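Please read them with the structure open.

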Amino acid sequence: MPLANMAVRLRDVLLFSRRAGVYHTNPRSFASLSYRLEARSKYICGGKKLHTRTNYMSYVPPELSYDQVGSDSSAIVFHFDVFGSFPDEIEVFEFADYEAYKTLFQKALAIWDGREPGYQYRATAVLYEILAAMQQGCAAPGAPGGDFVTQAKDYIDAHFSDPSLTVQQLAARAYVSSSYLRRRFREAYQAGPKEYLDAVRLQYARSLLQTGYYTQAEVAARCGYRDVKYFRTLFSRKCGQTISAYCRAHLK
């Protein structure tokens with residue numbers, strides 16, 4: 001991801017609106033990252049044309065002149081100085097779960113407009129959160145088993161006993177939609193994230209049941225199930241026998 005190695009010093013966060021037309025921008029000493037609340041336009045720079053529209057993000061580096069042509073538009077924009085390694089061309093981004101990014105841009109704007117003590121640092125922290133999310137979301141575009149899918153699997157492996165763990169939570173951590181995570185997860189592991197979560201929990205349940213030390217309710221709780229009746233039903237369906245039958249077969 002080309003924005004990964006940037007260090008930034010935030011200048012401002014603003015809500016920007018523009019009427020339909022053709023606009024020329026002269027080189028500026030700072031970079032910008034914007035989220036399009038409403039737009040259908042294109043950047044023209046160095047003979048290249050980059051199209052952008054509602055819910056797209058775009059990065060414009062410093063010291064670059066360009067033209068922009070399009071309809072009425074509005075956007076939330078970060079203006080910032082950049083240091084270290086950064087791209088020197090305009091880039092446009094589209095993400096599956098654009099609402100997560102929209103929320104972060106709106107959060108930064110509210111912080112900046114609030115002007116409470118420390119607002120510059122807190123708004124900068126949100127900008128870094130956006131950049132980190134972009135890096136994670138673009139880990140392996142178009143390929144099964146991208147980094148965010150592997151990270152979702154690893155998170156399940158480490159937190160399967162948490163009864164509040166959901167696919168929506170996993171998707172939010174990766175800044176992608178739940179449906180997109182399910183599809184990519186299935187491509188990589190031949191099972192959806194919920195199926196995989198249940199498989200991990202039930203494997204652990206079998207190991208606990210084989211000890212003979214725990215009641216069914218205790219096993220359910222240790223595996224992340226609040227409802228012991230649901231746990232019993234799921235166990236029977238997935239394992240092909242009741243918990244009592246499983247225990248009789250393994251505790252002789």
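1. Aromatic pairs. This is a predicted model. A search of the whole structure turns up 14 aromatic pairs.

2. A tilted pair. Tyr225 and Tyr230 make a further pair, with ring centres 5.9 Å apart. Their planes are at 55°, so this pair counts as tilted. Tyr225 has a relative accessible area of 6% and is buried. Tyr230 has 37% and is partly exposed.

3. Charges over rings. The charged end of Arg201 sits over the Tyr225 ring, 5.0 Å from the ring centre. A second case involves Arg18, whose charged end sits over the ring of Tyr23 at 4.1 Å from its centre.

4. Helix 6, length. Helix 6 covers residues 193-211, 19 residues in total. At 1.5 Å a residue it should span 27 Å. The end C-alpha atoms are 28 Å apart, which agrees. Just after the helix, Gly212 takes a positive phi of about 75°.

5. Helix 6, burial. Which residues of helix 6 are buried? The list is Pro193, Tyr196, Leu197, Asp198, Val200, Arg201, Leu202, Ala205, Leu208 and Leu209. An α-helix has 3.6 residues a turn, so residues three or four places apart point the same way. The cover over the buried residues includes helix 3 (147-159), helix 4 (167-174) and helix 5 (178-189). It also includes helix 7 (216-222), helix 8 (228-239) and helix 9 (243-250).

6. Asp198. Asp198 is found in helix 6. Its relative accessible area is 6%, under the 20% limit, so Asp198 counts as buried. Leaving out residues up to four places away in sequence, Asp198 touches Tyr225, Tyr230 and Leu234.

7. The largest pocket. About 220 Å³ of space lies in the largest pocket. Its lining has 16 residues. Phe16, Arg28, Tyr66, Val77 and His79 lie nearest the pocket centre. Strand 1 (6-18), strand 3 (31-38), strand 6 (57-60), strand 7 (66-70) and strand 8 (73-84) each supply at least two residues of the lining.

8. Phe16. This residue is found in strand 1. Is Phe16 buried, partly exposed or exposed? Phe16 is partly exposed, at a relative accessible area of 33%. Leaving aside neighbours within four places in sequence, Phe16 is in contact with Ser73, Ser74, Ala75 and Val77. Phe16 and Ala191 are 175 residues apart in sequence, and their C-alpha atoms are 44 Å apart in space.

9. The cavity. How many cavities of 30 Å³ or more does a search of the whole structure find? It finds one. About 90 Å³ of space lies in the largest cavity. Of the 13 residues that line it, Arg18, Ser41, Gln68, Ser71 and Ser73 are the closest to its centre. Strand 1, strand 2 (21-25) and strand 7 each supply at least two lining residues. Strand 7 gives the most, with three.

10. Ser41. Ser41 is found in strand 4, residues 40-45. With a relative accessible area of 9%, Ser41 is buried. Not counting residues up to four places away in sequence, Ser41 touches Leu50, His51, Thr52, Gln68, Val69 and Gly70.

11. Most residues other than glycine have a negative phi. Glu63 has a positive phi, near 60°. Glu63 is found in the loop between strand 6 and strand 7 and is exposed, with a relative accessible area of 55%. Gln190 also has a positive phi near 60°. Gln190 is found in the loop between helix 5 and helix 6. At 61% relative accessibility, Gln190 counts as exposed.

Note on methods. Residues numbered from 1 in each chain as written. Predicted model: local features only at pLDDT ≥ 70, side-chain atom pairs only at ≥ 80, totals over all residues. Heavy atoms only, no water. Phe/Tyr/Trp six-rings, centres within 6.5 Å; stacked < 30°, edge-to-face > 60°. Buried < 20%, exposed > 50% of the residue type's maximum accessible area, 1.4 Å probe, protein only. Lys NZ or Arg CZ within 6 Å of the ring centre and 35° of its normal. Helix = DSSP H or I, 4+ residues; strand = E, 2+ residues; numbered from the N terminus. Expected span 1.5 Å × (residues − 1). Contact = heavy atoms within 4.5 Å. 1 Å grid on protein atoms, 1.4 Å probe; cavity = no way out; pocket = protein on both sides within 12 Å on 5 of 7 lines; lining within 4 Å. Points joined across faces, edges and corners; volume = space filled by probe spheres on them.
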